[in-house]
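Morning, everyone. I'll talk about aromatic rings first, then a pocket. Please have a look at the structure.

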Amino acid sequence: MDVMDQAMASFLKWQDQYNEAYGLFKEQDIRPLAEFCDPGVDIRIPLSPELQHFYTRYEIRSGADNITSLGMKSAAVEIGDAAVLFFPKPEHLFRQQLGYRWLGTGEPYQASPSWLPEHVVIANYNDDPLIVDTASLASPVYGRIDGSEAFPLGDSLADFFSALALLIEAAFAMEGNVTNEETFEIEAAFVEEVRPKLMQLLGEEKAENVMKYLSFY
């Protein structure tokens with residue numbers, strides 16, 4: 001899992017620098033653990049090796065009083081003033097699947113006939129799910145917007161965290177001001193900075209998908 005840890009090292013570097021200078025969510029972040037731990041994931045949630053590695057070696061901190069409407073505690077990953085992704089703590093992953101893999105208002109929930117059981121929602125942006133395909137050793141990452149079909153964002157979880165790192169780095173360089181305060185559009189300078197780097201990292205299709213998923217277009 002060296003590639004995953006290298007990606008996380010870059011992500012953590014820029015997450016921490018951004019949060020220290022401009023962050024809005026105190027103690028609501030992702031941290032390396034001093035020692036491996038049992039993440040407490042519900043047995044109904046499948047984990048790929050890469051996702052298991054992530055949850056056993058990194059802590060999702062949620063702050064003291066930050067609880068979602070589903071009763072989940074989550075880390076907040078900021079990309080300037082343009083986007084915030086929320087990663088629920090692993091013990092809340094079952095709740096994160098409600099409305100996607102499982103339907104209903106209470107136990108026993110019904111499995112959705114249109115959702116692949118190996119697709120695990122690990123985060124969300126604007127209530128749109130960020131998905132890992134746990135059936136693949138590579139843990140490819142997908143997104144969905146407004147109930148659309150899942151579209152690819154990265155060949156692996158490591159690639160996606162590397163993409164987050166370069167996006168946060170660019171936002172840090174712009175002092176967090178990624179959105180034009182008059183037009184509310186994404187600054188052209190940000191797009192021009194990150195788009196070619198995402199394309200080099202992810203390939204053209206996935207780079208474009210990341211930009212669309214995070215509403216940079």
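Let's start at one ring. Arg44 lies over the face of Phe94, 3.9 Å from the ring centre. Keep in mind that this is a predicted model.

Is Phe94 buried or exposed? Its relative accessibility is 10%, and the cut-off for buried is under 20%, so Phe94 counts as buried.

Now, the aromatic pairs. Searching the whole structure turns up 15 of them. Take Phe94 with Tyr109. Their ring centres are 5.9 Å apart and their planes meet at 55 degrees. Why is this pair called tilted? Stacked needs planes under 30 degrees apart and edge-to-face needs over 60, so at 55 degrees the pair of Phe94 and Tyr109 is tilted.

Where do the two partners sit? Phe94 is in helix α3, residues 93-96. Tyr109 is in the loop between β5 (102-103) and β6 (110-111). They are 15 residues apart, and the pair links distant parts of the chain.

There is also a cluster. Ring pairs join Phe11, Phe54, Tyr55, Tyr58, Phe87 and Phe161.

One further arginine to point out. Arg57 lies over the face of Phe36, with 3.9 Å to the ring centre.

On to the pocket. Which residues line it? Ser114, Trp115, Leu116 and His119 are among them. By class, the lining has 3 nonpolar, 4 polar and 2 charged residues.

That's my tour. Over to you.

Note on methods
Residues are numbered from 1 along each chain as its sequence is written. This is a predicted model: local features need pLDDT of at least 70, side-chain atom pairs count only at pLDDT 80 or more; totals for chains, interfaces and linings use all residues. Side-chain values use heavy atoms; hydrogens and water are left out. On a 1 Å grid over the protein atoms alone, a cavity is a set of points where a 1.4 Å probe fits but cannot get out, and a pocket is an open set with protein on both sides within 12 Å along at least five of seven lines; lining residues have an atom within 4 Å of a point. Ala, Val, Leu, Ile, Met, Phe, Trp, Tyr, Cys and Pro count as nonpolar, Asp, Glu, Lys and Arg as charged, and the others, Gly among them, as polar. Rings of Phe, Tyr and Trp (its six-membered ring) pair if their centres lie within 6.5 Å; planes under 30 degrees apart count as stacked, over 60 as edge-to-face and the rest as tilted. Helices (H or I, at least four residues) and strands (E, at least two) are DSSP runs, numbered from the N terminus. Buried means under 20% relative accessible area, exposed over 50%, partly exposed in between (1.4 Å probe, protein chains only). A charge sits over a ring if NZ of Lys or CZ of Arg is within 6 Å of the ring centre and within 35 degrees of the ring normal.
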